[in-house]
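Biologist: Please take a close look at one part of this model, the packing of helices and strands, and follow it to the positions annotated in the database record.

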Amino acid sequence: MTTTPMRDRSTIMVLNGPNLNLLGRRQPEIYGTDTLADIEKLVAETAVPHGLTTDCRQSNHEGQLIDWIHEARERHAAVIINPAGYSHTSVALRDALATCDGLPIVEVHISNIHQRETFRHHSYVSALASGVIAGCGVQGYAFAVERVAALLTAARA
C-alpha cells in the first residue's frame, strides 16, 4: 500500500534554474552582485512574519527541476520559480507546473526580460503563474514571497 505524503501548508518551494548558481559572479551588470545564498536568506526572512518557511533548490538540469515540481505539487504550499533560460524553451517545465492544480505559482526574473533580447520576451511558465515579477532585482523574490503569502491567506478564507 502506498501513501500520499501530506502537503505542508506552510512551506514554499523556491526553485532556481540554470546558471543561477553563478549569481554575484555572472554578468553583475545584469543580475547584480547578490549571490544565490543571499536570495535564499532573503526569501527565508521574508517568509517568517507570514508563518511560512522556504525550501530553496537550484539546478542546471531540466529533469531535476521537473522532479522537484512534482514533489512540490504533493508536499508544498506554493512554488516560486525562476526558470532562467528554461523560461523561453521548456515546454516540459511548463507541463510539470501545469500538474500543480490550485497551487500558487509565482514566476520571478531578476532582470526585466522584456527589455532584453527578443527571444527572452516569451515565457512558457507565465501563462500558468499566479503572478510574474520581472526587473526588480533580487527584491523580486521578496515580492514573490509576499504574493504567495497573500494568495495562501485568501485560499484559507
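Modeller: The axes of α3 and helix α4 (residues 91–98) approach to within 9 Å and cross at roughly 5°. Axes here are lines fitted to C-alpha atoms, for helices over the stretch in contact, and angles run from 0 to 180 degrees between N-to-C directions. α3 is therefore roughly parallel to α4 (under 35 degrees counts as roughly parallel, over 145 as roughly antiparallel, 65 to 115 as roughly perpendicular and the rest as oblique). This is a predicted model, in which local features need pLDDT of at least 70 and side-chain atom pairs count only at pLDDT 80 or more, whereas totals for chains, interfaces and linings use all residues. Residues are numbered from 1 along each chain as its sequence is written, and side-chain values use heavy atoms, with hydrogens and water left out. Helices (H or I, at least four residues) and strands (E, at least two) are DSSP runs, numbered from the N terminus.

On the α3 side, the contact with α4 is formed by Glu-62, Leu-65, Ile-66, Ile-69 and His-70; α4 contributes Ala-92, Leu-93, Ala-96 and Leu-97. Contact means heavy atoms within 4.5 Å. Seven of the residues of this contact are nonpolar, one is polar and one is charged. Ala, Val, Leu, Ile, Met, Phe, Trp, Tyr, Cys and Pro count as nonpolar, Asp, Glu, Lys and Arg as charged, and the others, Gly among them, as polar.

The sheet comes next. It is open, with five strands in the order β2-β1-β3-β4-β5 and parallel pairing; two strands pair if DSSP finds at least two bridges between them. Its edge strands, each pairing on one side only, are β2 (53–58) and β5 (131–134). On average, neighbouring strands of this sheet are turned by 20° against each other, direction ignored. Helix α3 (residues 62–75) packs on the sheet, where it touches β1 (11–16), β2 and β3, and its direction makes about 170° with that of β1. A further helix, α5 (residues 139–156), lies across β1, β3, β4 and β5 and runs at about 170° to β4.

Strand β1 deserves attention. Six of its six residues are buried, so β1 is largely enclosed by the rest of the structure. Buried means under 20% relative accessible area, exposed over 50%, and partly exposed in between (1.4 Å probe, protein chains only). Both faces of β1 are covered, with Thr-11, Met-13 and Leu-15 on one side and Ile-12, Val-14 and Asn-16 on the other. β1 is joined to β2 by six bridges, and Asn-16 has Gln-58 of β2 as its bridge partner. Five bridges join β1 to β3; there Leu-15 is partnered by Ile-81. Strand β3 (residues 78–82) is in turn joined by three bridges to strand β4 (residues 105–109), running parallel, and Ile-80 stands opposite Val-106 in β4.

The loop between β1 and α1 (28–31) contains Asn-19. Asn-19 is partly exposed, at a relative accessible area of 34%, and its phi is positive, near 75°, in a residue other than glycine. Asn-21 also lies in this loop. Leaving aside neighbours within four places in sequence, Asn-21 contacts Leu-36, Gln-58 and Asn-60.

The annotated positions can now be placed. From an unreviewed UniProt entry, the "binding site" comprises Asn-82, His-88, Asp-95, Ile-110, Ser-111 and Arg-120; UniProt positions are given in the numbering used here, feature names are shortened, and annotations may be inferred rather than shown by experiment. Asn-82 is in strand β3 and is buried, with a relative accessible area of 4%. Beyond four places in sequence, its contacts include Leu-15 and Asn-16, as well as His-109 and Tyr-141.

For "active site", the unreviewed UniProt entry lists Tyr-31 and His-109. Although spread over 79 residues of sequence, they cluster in space, the largest C-alpha distance being 9.5 Å. Tyr-31, in helix α1, is buried at a relative accessible area of 10%. His-109, in strand β4, is likewise buried, at 4%. Apart from neighbours within four places in sequence, His-109 touches residues including Asn-82, Pro-83, Ser-87 and Cys-136.
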